[in-house]
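Visitor: I would like to learn how to read a few features of a protein model, starting with its aromatic contacts.
Guide: Let us open the structure and take the features one at a time.

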Amino acid sequence: MADTLNGTPNGTPNGGLNGGLDDTPDDNPTAPATRTVRPLPGLPVTLTESGPRGGRTALVLHGGAGPDSVRGIAAHLARRMRVVVPTHPGWNGTERPDWFTGIGDMAAAYLDLLRDEGHRDVLVVGSSLGGWTGAEMAVRDEGGLITGLVLVNSVGVAVPGEPIRDIFGLEPREIPAYSFHDPARFAVDPATVTQEQVAAQKANMATVRALAGDPYMHDPTLLDRLGRVRIPALVLWGESDRIVTPAYGRALAAALPGGRFVTVPEAGHVPHLEQPAACFAALDAYLNVTTA
């Protein structure tokens with residue numbers, strides 16, 4: 001099933017998670033807080049949490065751009081449920097053990113996290129590489145912990161005739177042209193970028209390569225395995241994405257028995273940044289229909 005939502009340019013959403021907070025005040029249990037957990041021995045993972053305690057949990061998984069790129073999604077969902085945003089191992093200077101080398105490792109770690117902390121009725125929302133992780137989690141979730149799945153311009157599958165753009169072959173300044181409908185809105189003056197930021201970006205890209213570089217940005221078996229996923233799934237796609245095309249997204253949604261494909265006009269690979277209002281409307285409509 002496919003739909004299109006009209007969007008209004010709103011820029012990057014305000015509000016969201018503040019990774020600089022280290023604790024949650026007792027009188028404000030919904031305030032963002034960070035903590036470190038070890039879902040597997042030798043694997044520290046930084047979590048940022050917000051929203052009301054109790055009830056449903058949303059696990060929000062970022063893509064290559066890092067956890068800041070999903071702050072808006074997290075802030076929106078935190079109005080109605082508990083939200084957990086991991087910083088994937090290796091991003092933003094965090095530790096990634098040598099044995100942690102694939103999306104399967106990440107999916108296994110996050111499923112262990114959900115089980116160990118007693119989460120049930122979990123909504124998984126993933127952007128790009130985070131969507132791939134979420135899809136892999138849903139396939140492997142034998143305990144029925146995950147009850148909803150939202151994939152935002154996700155990579156992870158091989159679709160004949162729809163190759164994934166090789167970002168490793170692009171200069172950093174070229175990537176926005178393929179990622180955004182309106183790259184000028186998100187242009188960064190190179191003179192304002194510090195050496196520390198450049199180093200961090202290179203380190204993040206090295207982590208992407210380590211986890212998803214070979215085979216490039218996909219698991220050749222995943223598309224066929226998605227038939228095991230029996231939960232309702234929203235596949236949300238920016239119409240102007242030149243990293244993974246809308247045709248790729250339609251094929252991904254078609255492989256999910258409960259998949260619904262929704263496009264967002266005037267948005268590229270990160271529609272929640274370019275058209276947050278349209279994305280949040282689609283997300284709310286999905287939740288209103290699928291939440292008991």
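**Reading rings, a pocket and a helix**

Guide: Tyr248 is a buried residue, with a relative accessible area of 1%, and since this is a predicted model, every such value is computed from predicted coordinates.

Visitor: How many aromatic pairs does a search of the whole structure find?
Guide: The search finds five aromatic pairs. One of them joins Trp99 and Phe100, whose ring centres are 5.8 Å apart and whose planes stand at 70 degrees, so this pair is edge-to-face. Trp99 is partly exposed, with a relative accessible area of 41%, whereas Phe100 is buried, at 0%.

Visitor: Which aromatic residue pairs with Tyr248, and what is the geometry of that pair?
Guide: Tyr248 pairs with Trp237 in a tilted arrangement, with 6.2 Å from centre to centre and 35 degrees between the planes. Trp237 belongs to strand β8 (residues 233-238) and Tyr248 to helix α7 (residues 246-255), so the pair ties together parts that are eleven residues apart in sequence. Trp237 counts as buried because its relative accessibility is 0%, and Trp237, Tyr248 and Phe261 form one aromatic cluster.

Visitor: Where does the charged end of Arg209 sit?
Guide: The charged end of Arg209 sits over the ring of Phe168, at 4.1 Å from the centre of that ring.

Visitor: How should I read a pocket, and which residues lie nearest the centre of the largest pocket?
Guide: The general idea is that a probe the size of a water molecule, rolled over the atoms, shows where empty space is left. Here the largest pocket holds about 1900 Å³ of space, and its lining consists of 46 residues, with Ala65, Pro172, Ile175, Pro176 and Gln201 nearest the centre. The elements that contribute two or more residues to this lining are α4 (175-179) and α5 (195-212), and α5 provides the largest share, nine residues. By residue class, the lining of the largest pocket divides into 27 nonpolar, 14 polar and five charged residues.

Visitor: What span does helix α2 reach, and which of its residues are buried?
Guide: Helix α2 (residues 103-116) has 14 residues and reaches 20 Å from its first C-alpha to its last, close to the 20 Å expected at 1.5 Å a residue. The buried residues of α2 include Ile103, Met106, Tyr110 and Asp112. Just after α2, Gly118 takes a positive phi of about 75 degrees.

How values were computed
Residues numbered from 1 in each chain as written. Predicted model: local features only at pLDDT ≥ 70, side-chain atom pairs only at ≥ 80, totals over all residues. Heavy atoms only, no water. 1 Å grid on protein atoms, 1.4 Å probe; cavity = no way out; pocket = protein on both sides within 12 Å on 5 of 7 lines; lining within 4 Å. Points joined across faces, edges and corners; volume = space filled by probe spheres on them. Helix = DSSP H or I, 4+ residues; strand = E, 2+ residues; numbered from the N terminus. Nonpolar A, V, L, I, M, F, W, Y, C, P; charged D, E, K, R; others polar. Phe/Tyr/Trp six-rings, centres within 6.5 Å; stacked < 30°, edge-to-face > 60°. Buried < 20%, exposed > 50% of the residue type's maximum accessible area, 1.4 Å probe, protein only. Lys NZ or Arg CZ within 6 Å of the ring centre and 35° of its normal. Expected span 1.5 Å × (residues − 1).
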